[in-house]
Structure formats: structure tokens, C-alpha cells
Amino acid sequence: MKEKIPGWHYARPGLAAKYLDLFELGLTSARGLFARRRMGKTEFLKNDFIPAAKTKGYVTAYVNLWDLETDPGTALVSELYQTIEPKGFNKIWSKLRLPIKNIKTSTKILGFVEGSVEANLKEDKRVLGTLLMEAMRAFDKKKFKLMLVIDEAQVLAYAENTHFAHALRATLDIRKERIKVIFAGSSETTLRRMFGVTSEPFYNWAPLEPFELLGQEFVKVMVERVNNISKYPLLLEDALKAFAELKNTPEFFRRYIEYYISNPLEGAIAALRDTKNKVFNDQSFKRQWEALLPADKIILTFISKETTDLYDKSTLEQVGSQLGLQQAVNRSTVQNALRRLASKNIITKLEHGIYQFEDEAFADWVKYQD
């Protein structure tokens with residue numbers, strides 16, 4: 001083994017500075033970012049953007065709504081309250097005597113406080129609205145700027161969360177000068193609806209853009225780090241090939257690196273083969289597949305094979321045949337399947353009639369199920 005290195009995080013200070021500079025210009029108080037899962041978005045937000053925001057004088061609050069998808073209001077309000085008024089958090093929950101619903105939250109306040117709490121919370125819209133207002137009243141008494149980072153923000157667009165989303169927007173609307181927000185998510189379709197449909201609470205509230213994905217420079221840096229600690233150098237050519245075959249997915253590529261370092265004598269080909277076997281034959285894909293309705297499976301298979309017209313007569317006939325019918329299905333069968341798949345963040349709509357998987361690894365898995 002050669003010299004040890006500090007870690008495997010690929011720092012992106014330039015990208016963090018870019019987003020912060022946009023806030024500093026004062027032209028916007030919020031940004032929306034989307035990227036498929038496993039593409040490095042959350043790692044960037046936690047390890048690059050939030051630390052950079054702190055150096056700019058922001059107090060930061062981070063919440064991942066995926067952790068409490070059924071009750072995002074609770075997750076977000078508790079994080080806000082702990083960030084803004086950590087000493088008063090337990091007191092206010094105790095006063096309201098809320099029954100048990102465990103969530104774990106934590107926060108770090110710029111330079112002077114670090115808190116963690118396991119709170120017992122109730123799914124009660126009135127209580128959440130009250131606590132949101134309490135948190136904001138406490139914020140109004142402070143002098144710091146707040147950077148609120150909401151990961152998997154598309155959860156706010158679910159119909160059952162509309163009431164809370166309206167309350168949150170109203171709260172943020174009147175504090176744009178001091179509260180900046182990053183909405184990040186893995187469902188482009190849902191985020192576009194969230195910010196682009198007039199009936200949605202956050203309509204036209206933040207510009208939405210694709211998160212800048214990692215590419216060859218990331219691979220080069222990872223190869224350099226491997227070669228700093230291994231007696232068996234990894235060729236850049238092999239690494240770039242692996243990255244491409246792993247759908248340019250940083251999380252999968254790190255699994256490849258891990259296997260290569262742990263089994264250097266087996267070589268790069270074996271490392272790629274093992275990684276592909278694991279990530280493209282994951283049991284989670286099977287469970288996800290088995291949970292789908294028959295019509296949804298059929299439509300998903302067509303999408304995996306890049307069928308461009310899902311409403312074509314021959315497609316409708318094939319769907320009917322595969323469902324065991326003696327006739328073609330109607331267009332509503334396809335529409336309903338597409339709506340269900342999109343609501344589960346399995347597919348996203350690119351343009352009229354064109355859909356793609358949110359997870360390319362799942363797309364490959366589905367493609368070869370026949």
C-alpha cells in the first residue's frame with residue numbers, strides 16, 4: 001500500500017460557489033435542482049454546498065423528505081425549529097402534548113450550536129401550521145440569514161401535502177431577503193409540475209434546472225486516489241469504460257472502485273463484472289417490479305425498449321393481448337399506467353409521448369425480463 005488519502009468525496013467548490021453567487025446577486029431567493037437518484041446530488045449538498053453557505057455567513061438547515069415521505073411537514077418544521085430556536089424546541093412539543101410518532105432529526109448551527117432530537121410528533125395539520133408560524137416568529141427575532149436545503153422536495157407536490165405546501169410558501173414569501181432555499185429532487189416530472197402548474201402552491205416560485213452531473217474529471221480523480229493507495233494501478237481507460245457501462249452513476253462507480261481495491265489481483269474486468277451483477281440484478285428491482293400492476297409492467301417494458309408511440313394502434317393491441325384480452329385496450333389504460341408510474345417516480349416525461357426511467361439501472365433490468 002502507498003500513502004493514505006483523506007477520503008473519497010469528490011469536492012465541487014466551483015459548483016457550490018456558482019449557486020451561492022446566484023443568491024448573492026439578489027435576483028432569486030430559491031433554486032430547483034433535479035437529477036436521478038445515485039448521481040451525487042445529496043453528497044454535493046451536504047459536503048460542498050452547505051459548508052460553502054456557512055462560510056458565507058448563512059445558518060443552514062437540511063432536511064431530506066424521503067426520510068419521512070408520509071409526513072414531510074413534520075420533518076421540515078422540526079428541522080426549522082431546531083435550527084432557529086433549538087432550546088425552545090422540546091418545550092413547545094411538550095406544551096402541545098403530541099402523541100408518539102418517532103422521527104430523528106439533527107442540525108448544526110453556524111459556529112455555536114449543534115443539536116439533535118428524537119421527537120414524538122402527530123400528523124395534525126393545525127399543529128404543524130402553528131409550529132411553522134412559531135418557528136418563523138422566532139426567526140424574525142434573529143439576525144442571521146438562513147439557507148434552507150430541501151432534498152427530495154418533490155414530496156411537497158403530493159396531493160396529501162398541498163395544505164402544508166401552501167403554508168410553507170406563504171411563510172417563505174415574506175422572508176425572501178433572509179431565507180434562501182434549494183429545492184432538490186429526483187423526479188423531474190414532479191418538480192416541473194410543482195413549479196410549472198398554476199394550481200400548485202409553489203407555481204413559478206423557483207427556476208428549475210438539471211443538476212450538473214459528474215463526468216470524466218471525477219473518474220480521473222478517483223483513479224488517482226486508487227493509484228495512491230494500491231500496488232496495482234487502475235488504468236484510466238478501464239475506469240472510464242466502467243463508468244460508462246455503469247450508466248455514469250457515481251454510486252455504482254464507487255462500488256466498482258471498492259471491489260477493485262479489495263480484490264486487486266482479479267483486475268478491472270472482474271471488478272466491473274461483479275459490480276454490474278450486483279447493481280443491475282438487485283433484489284430491490286425485483287420487489288419494485290412485483291409491486292406493479294400488470295398494465296404498468298407492460299407499459300414499463302415498452303418504455304425500456306424505447307417505444308416512441310404508446311398510443312399507437314399496434315401498441316394498444318399488444319397491451320390488450322398481454323393482458324389476456326381479445327381486443328386492444330383503450331388509451332385511458334395507457335394514460336392511467338403512465339400516471340401511476342410517474343407518481344411513484346419510476347418514469348419521467350421528456351416531451352409529448354416520450355418517457356424515460358428515473359433510474360437507468362432499473363431500465364436495463366426491465367429490458368431483459370422477457
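Three bridges join strand 1 to strand 7 (residues 208-210), and the two strands run parallel. The model is a predicted one.

Me: How many helices and how many strands does the chain have?
Reply: The elements are counted along a chain of 370 residues, of which 49% count as buried. The secondary structure comes to 16 helices and nine strands.

Me: What share of the contacts with a separation of 6 or more is made by residues 24 or more positions apart?
Reply: Contact here means heavy atoms within 4.5 Å. Among the contacts in the chain with a separation of 6 or more, the share from residues 24 or more positions apart is 72%.

Me: Is strand 1 mostly covered or mostly exposed?
Reply: On one side of strand 1 are A30, G32 and F34, and on the other are R31 and L33. Each of these faces is covered, as the named residues are all buried. With five of its five residues buried, strand 1 (residues 30-34) is mostly covered.

Me: Which residue of strand 7 is the bridge partner of F34?
Reply: F34 belongs to the strand 1 face that also holds A30 and G32. Strand 1 is joined by five bridges to strand 6 (residues 179-185), running parallel, and there F34 stands opposite G185. In strand 7, the partner of F34 is P210.

Me: What is the volume of the largest cavity?
Reply: The count comes to two cavities of 30 Å³ or more. The second largest cavity has a volume of about 30 Å³. For the largest cavity, the volume is about 70 Å³.

Me: Which helix gives the largest share of the lining of the largest cavity?
Reply: The lining is made up of H9, Y10, R12, G40, E43, F44, D48, L214, P250 and R254. The largest share is three residues, and the helix that gives it is helix 2.

Me: How many charged residues are in the lining of the second largest cavity?
Reply: R36, R37, R38, M39, T249, F252, E358, D359, E360 and A361 line this cavity. The lining of the largest cavity divides into four nonpolar, two polar and four charged residues. The lining of the second largest cavity has three nonpolar residues, one polar residue and, as charged residues, six.

Me: Why does E43 count as partly exposed?
Reply: E43 lies in helix 2. Buried means under 20% relative accessible area and exposed means over 50%, with partly exposed in between. E43 is partly exposed because its relative accessible area is 24%.

Me: Which residue is joined to E43 by a side-chain polar contact of 2.5 Å?
Reply: Leaving out residues up to four places away in sequence, E43 touches H9, Y10, D48 and R254. The C-alpha atoms of E43 and Y10 are separated by 9.1 Å, with the two residues 33 apart along the chain. The side-chain polar contact of 2.5 Å joins E43 to H9.

Me: Which residue has its backbone nitrogen 3.0 Å from a polar atom of the S230 side chain?
Reply: S230 is found in the loop between helix 8 (216-229) and helix 9 (236-245). S230 counts as buried because its relative accessible area is 5%. The backbone nitrogen at 3.0 Å from its side chain belongs to Y232.

Me: Which residue has the backbone oxygen that the T171 side chain reaches at 3.0 Å?
Reply: T171 is found in helix 6 (residues 162-173). It is buried, with a relative accessible area of 10%. Not counting residues up to four places away in sequence, T171 touches L132 and M136. The backbone oxygen that its side chain reaches at 3.0 Å is that of A167.

Note on methods:
Residues numbered from 1 in each chain as written. Predicted model: local features only at pLDDT ≥ 70, side-chain atom pairs only at ≥ 80, totals over all residues. Heavy atoms only, no water. 1 Å grid on protein atoms, 1.4 Å probe; cavity = no way out; pocket = protein on both sides within 12 Å on 5 of 7 lines; lining within 4 Å. Points joined across faces, edges and corners; volume = space filled by probe spheres on them. Helix = DSSP H or I, 4+ residues; strand = E, 2+ residues; numbered from the N terminus. Nonpolar A, V, L, I, M, F, W, Y, C, P; charged D, E, K, R; others polar. Buried < 20%, exposed > 50% of the residue type's maximum accessible area, 1.4 Å probe, protein only. Polar contact = N/O pair within 3.5 Å; in protein donor to acceptor, adjacent residues only side chain to side chain. Pairing = 2+ DSSP bridges.
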